[in-house]
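Please open the model in your viewer and keep the selection tool at hand. The stops below tell you what to select next and what you will find there.

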Amino acid sequence: MGKLYDMLREDYRLREGLKTCINCGTCTAICPAAEFYRYDPRKIVDTVQRGNDDEIEALLKSDTIWYCGECMSCVTRCPRKNGAGLVIMALRNLSIKLGYFTESEKGRQVWPLTKALNYNVLNLGYCVHPSTFAHKDHPESGPVFEWVLAHKEDVYSRLGANYGGEGPGILRRIPQKDLDELKAIYDVTGGTERLEAVEKFSRMKAEEMGMSIEEYTEYTFEHCSKGHFNNEEQ
Amino acid sequence: MIYQGKQKIWSDYQKEIPDDHWFYVRSCIRQNFFPASEKYFLGICRDMLGKDIYETEHHTTCGGIAYHSDTIPQETAMTIVARQFALMTEAGYENLVASCITSFGNYTETLETWHEFPELEERIRENLWKACRREFKKPRYVAHASDLIYKFRGEIAARAKYQLVDRESGEPLRVVEHIGCHYSKMFPHKGVGGAEYPCVLSGMAEAWGGKVIDYPERRHCCGFGFRQYLVKANRGYSVSNTHKKFESMEPFHPDLIITNCPGCPYFLDRWQYVISEMTGKTYGENGYGIPVLTYEELAGLVLGIDPWDLGLQIHQVAVEPLLNKMGVPYDPETKYLGLDRKDIMKPGLPTFLKCC
């Protein structure tokens, strides 16, 4: 077994998710991602199980590991109590740690995700918040939500929220000292280090692709090349 | 009681849900898209049933969406969870109830992983002390908010003003229930009915007079997929999965859909709008789509709460066809009014999906 495999084994999710895969393919049969993407969790688990570093490195640099939706449908159905979704989480974690995520289109999306979600967590105390949910980025939210966002204070207050207010309640303002605790948790647990690493590798890739970081953010958020889906021609 | 045969098998799928005294943690998604559902969860449990459900302003996101979008390490996510446990301990509670299924999965994953790897629990305790100077006891019980509404479904039925029955035909309404992956698939023994027979929602629907539809893709994911929705370039995955579900349920003519997870009702509602814009196709009767409700909204309707107080006006799919079938009264003139009946105009209209 190689060095990358050993690094993967350090992740508790891999230890929980990969015991003795018998390659039956039940995970692939049940997988919502495999239904539409060129994605086969059975093959991924098999590759990891073989422990060959060259194969694992190729996987860490590929689009393949970013197709999973982490719904964990595979966990329920595996006859050997493995979890392909957990193996994927460990692979993604290592890909980010080593900077390999910028080598694939789907991997590069780690940057806009990291930027948006962690801004919300560290500055607002929520993963998602109306103040940073722009209708232009979410046209699927429909005309009704465009109206909600245009009248946030009125609509949320009408529906019983304590929007931006003090004390408990729906969409309250999270006190600064609690946000400071979240930041301290990030500092102590490697969260801050992760954000810095993702930014460093993404800036390097943006430069390599001849883009400003703003252009790179928009491009990685919006661009989808042909070839990811099962129903597209090879 | 000694259970035998099928009773014994069924008893293995049940949860002994504590009756009272809960520490409540909110849901990011539910607060954004279905805020009144949280208001009426507390309204039903606290005000109507007199239960002790405590909330502190100091709790935050559990970080579940950031974690499942692979943007924070596992230790960061677990230490945020540990901080919520510390707030619960400090407030003197042992039972934790989460308004979100991803949170429910996140809390359960944390506890189950610590059970398998006790050294990790010790490290998280050290992390929390270093970062926040807090300590915690693990919860005695972790529930999803729907577990409580399921437990109290009979009390709600006893106070019902309206039933899930077609007022004209007298027939039960046909209900699609969507259980939510992180409730029943990650740790099946933690959900009512497990992964095979999840009955947390079907139990509610049947107690309130409805008939649950069993259709081929009943257990299929709504298609959220975290990064598969949050990144604009990936949303084909999300809408494709919802489309698969709707094509599968369509022949069974559902009157409504009831959902467990805070995200699923958003996707099942909004992707109907998107599918109609993309293809011109609408599901449900007469071009109105199939109404999608949270379990709190459905409980609220049954109890006679005004639909616009429940926030049904911020769904994209019109709920009026369902209200008409149930005989629930509503005032179209007040649907889109703001606080204190302020005029804040009305939303625009979709191209194909009919609105009232």
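Begin by selecting strand β1 (residues 22-25) of chain B, where B:W22 and B:Y24 point one way and B:F23 and B:V25 the other way, and all are buried. Here a residue is called buried if 20 or more other C-beta atoms, placed from the backbone, lie within 10 Å of its own, exposed if 12 or fewer, and partly exposed in between. In a regular strand the side chains alternate between the two faces of the sheet. Strands and helices are DSSP runs numbered from the N terminus, a strand (E) having at least two residues and a helix (H or I) at least four.

Before going on, note that this is a predicted model, in which local features need pLDDT of at least 70 and side-chain atom pairs count only at pLDDT 80 or more, while totals for chains, interfaces and linings use all residues. Residues are numbered from 1 along each chain as its sequence is written, and chains are lettered from A and ligands numbered from 1 in the order in which they are written.

Then show helix α5 (residues 74-91) of chain B together with helix α6 (residues 101-116) of chain B, whose axes come within 10 Å and cross at roughly 100 degrees. The two helices are therefore roughly perpendicular to each other, a description used for angles of 65 to 115 degrees, whereas those under 35 count as roughly parallel, those over 145 as roughly antiparallel and the rest as oblique. Axes are lines fitted to C-alpha atoms, for helices over the stretch in contact, and angles run from 0 to 180 degrees between N-to-C directions. The contact is made by B:A77, B:M78 and B:V81 of α5(B) and B:N106, B:Y107 and B:T110 of α6(B), where contact asks that the C-beta atoms of two residues, placed from the backbone, lie within 7 Å.

With strand β5 (residues 174-178) of chain B, β7(B) pairs in the parallel sense over four bridges; among the bridge partners are B:V176 with B:I257 and B:H178 with B:T259. This open sheet of four strands has the order β6-β5-β7-β8 (chain B). β6 (211-212) and β8 of chain B stand at the edges with a single partner strand each, so one side of each is left without a neighbour in the sheet.

**Where the chains meet**

Finally, show both chains: the contact takes 74 residues from chain B and 74 residues from chain A. On the side of chain B that touches chain A, α5(B) gives the most, with six residues.

Notes: Two strands pair if DSSP finds at least two bridges between them.
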